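I opened the notebook to record what I looked up, one entry at a time.

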Amino acid sequence: MNTATRRALIGPVLLLVAAMLALVTALAPGARAAGGLDEAAAALKQGPVYVDPRAADQFSSAEAEALAKKIKDADKPVFVAVLPQAPEYQPQTLLRDLRTKVGISGVYAVELGKGFNAGADPRVMSNNSVQNLVGAVKRSQYPTVSERLNSFVDSADGQARGHAPAAWDAGDSGFDAGTAIGVGALVVIGGGGAYAIARRNRKRKEAEERAALEDLRVVVDEDITAFGEELDRLDFSPGEPGADDAMRADYSRALDSYEKAKSAMAAAEHPGDVQAVTEALEDGRFSLATLAARRTGEPLPERRLPCFFDPRHGPSVVDVRWAPAGGAERTVPVCAADKSRLDEGLEPMARTVRTATGDRPYWEAGPAYGPWAGGYFGGGLLPGLLIGTMLGNMMMSSHAYGADYGGAGGDASGSDFNSDDFGGGFGDGGGFGDGGGFGGGDFGGGF
């Protein structure tokens, strides 16, 4: 090869290398203006932890890398940002704006100055769970940012539903986010085959979700109808003699729960969305139980889980030992009627659902029923109740509880989320133990 030929070949290569370097330099986090929501969001799309350069003294790069590895190893959609108090980070809307710009369903934890808070899409973690985790972190008075964030992440990793975003895999190579994006731009040139495979897999998953949602719709519509019939049978009028404000509030909550359940089901696009429906129905039935106690002068009922065998039976009254066919005994909450049947040696009145082999108790059904049951029993308790059953085994082995089915954490959803789940703010800048910070898990105001 003569010199002219070598030069002819080297020229284009050098141009390509220069273009790559320019692209990487332009996209690398360190090359952009330090900090800001856009930079934070761009980084969180590529990895679970972002530290604003101005907050590096609070959380070192080694600590950030270790926390990111922990989240990736757990395969959970948990996002963490460590930010300074600065004008571009508006406390009252920070969580909401960050979630909007990242556009991925998940749990978002933010350390802002000396304040801490978190928000989550309900399909990934319930508002109550977020509230309790945030409160526990604040009350623990951890002396360092690392301890606070690791404590939160340890709990969130165990409770969050869904999977880590696929884009995070790019960070495993050791490149920073900007380099990963730059190299990715070149890979796209020859990535048509990978794209086709991903597109086919996505279409298959969408078809599976549609089929699962239709199976669930039958069950959920039956539940909504059953609760509506309970309301129709209720012999109560807000204006009747003896009715007081507490009774009227219980009745109003029950009606609101019914409407919320209907609206949530009408809007459901993924099987995981039905969790909001059954959560509303469970809350409505407890309101009716409270109303009944007030009207008869009996003690108000304890807030208990619904009857394990059929949530339509209403709140449970006692816990009993029970074993599914071929399974080990476990403690389950039951209603009075099922308690009597078990005491008499009879089978409980189990909620059956449609399966490929006919109608079966829901705990012997497939993974699509995980979100349905989760709305009634809660993510933290349900797997334990179902250990040794078909649904329980699927949930433990395949993240079936609102993850494989349901558009749960890790899915791109853009700005299509309820902003109330990421509301609240730091108020006066936060702080621990003084009631500051973002506020409670329902993000309606201060904690």
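What does the accessible surface of the chain come to, and what share of it belongs to carbon and sulfur atoms? I noted that this is a predicted model. I then wrote down about 20900 Å² for the accessible surface, with 54% belonging to carbon and sulfur atoms.

**Entry: the chain.** I looked up the helices and strands and found 14 helices and eight strands. Of the 447 residues in the chain, 45% are buried. I also looked up the contacts with a separation of 6 or more, and residues 24 or more positions apart account for 66% of them.

**Entry: cysteines.** I searched the whole structure for disulfides and found zero. Cys 307 is in none, and the nearest cysteine sulfur, in Cys 335, is 3.7 Å away. Cys 307 has 0% relative accessibility, so I listed Cys 307 as buried. Cys 335 has 5%, so Cys 335 is also listed as buried.

**Entry: Asp 338.** I found Asp 338 in helix H11, which covers residues 336-343. Does Asp 338 count as buried or exposed? Asp 338 is buried, yet has no salt bridge. The nearest side chain of opposite charge is that of Arg 341, 4.6 Å away. What I did find is a polar contact of 3.1 Å between the side chains of Asp 338 and His 313. Leaving out residues up to four places away in sequence, I listed what Asp 338 touches: Cys 307, Phe 309, His 313, Pro 348 and Met 349.

Notes. Residues are numbered from 1 along each chain as its sequence is written. This is a predicted model: local features need pLDDT of at least 70, side-chain atom pairs count only at pLDDT 80 or more; totals for chains, interfaces and linings use all residues. Side-chain values use heavy atoms; hydrogens and water are left out. A disulfide is a pair of cysteine sulfur atoms within 2.5 Å. Buried means under 20% relative accessible area, exposed over 50%, partly exposed in between (1.4 Å probe, protein chains only). Helices (H or I, at least four residues) and strands (E, at least two) are DSSP runs, numbered from the N terminus. Lys and Arg count as positive and Asp and Glu as negative; His and the chain ends are not counted. A salt bridge is a side-chain nitrogen of Lys or Arg within 4 Å of a carboxyl oxygen of Asp or Glu. A polar contact is a pair of N or O atoms within 3.5 Å; within protein, one must be able to donate a hydrogen and the other to accept it, and residues adjacent in sequence count only if both atoms are side-chain atoms. Contact means heavy atoms within 4.5 Å. Accessible areas come from the Shrake-Rupley method with a 1.4 Å probe; for residues, only the protein chains shown count as cover.
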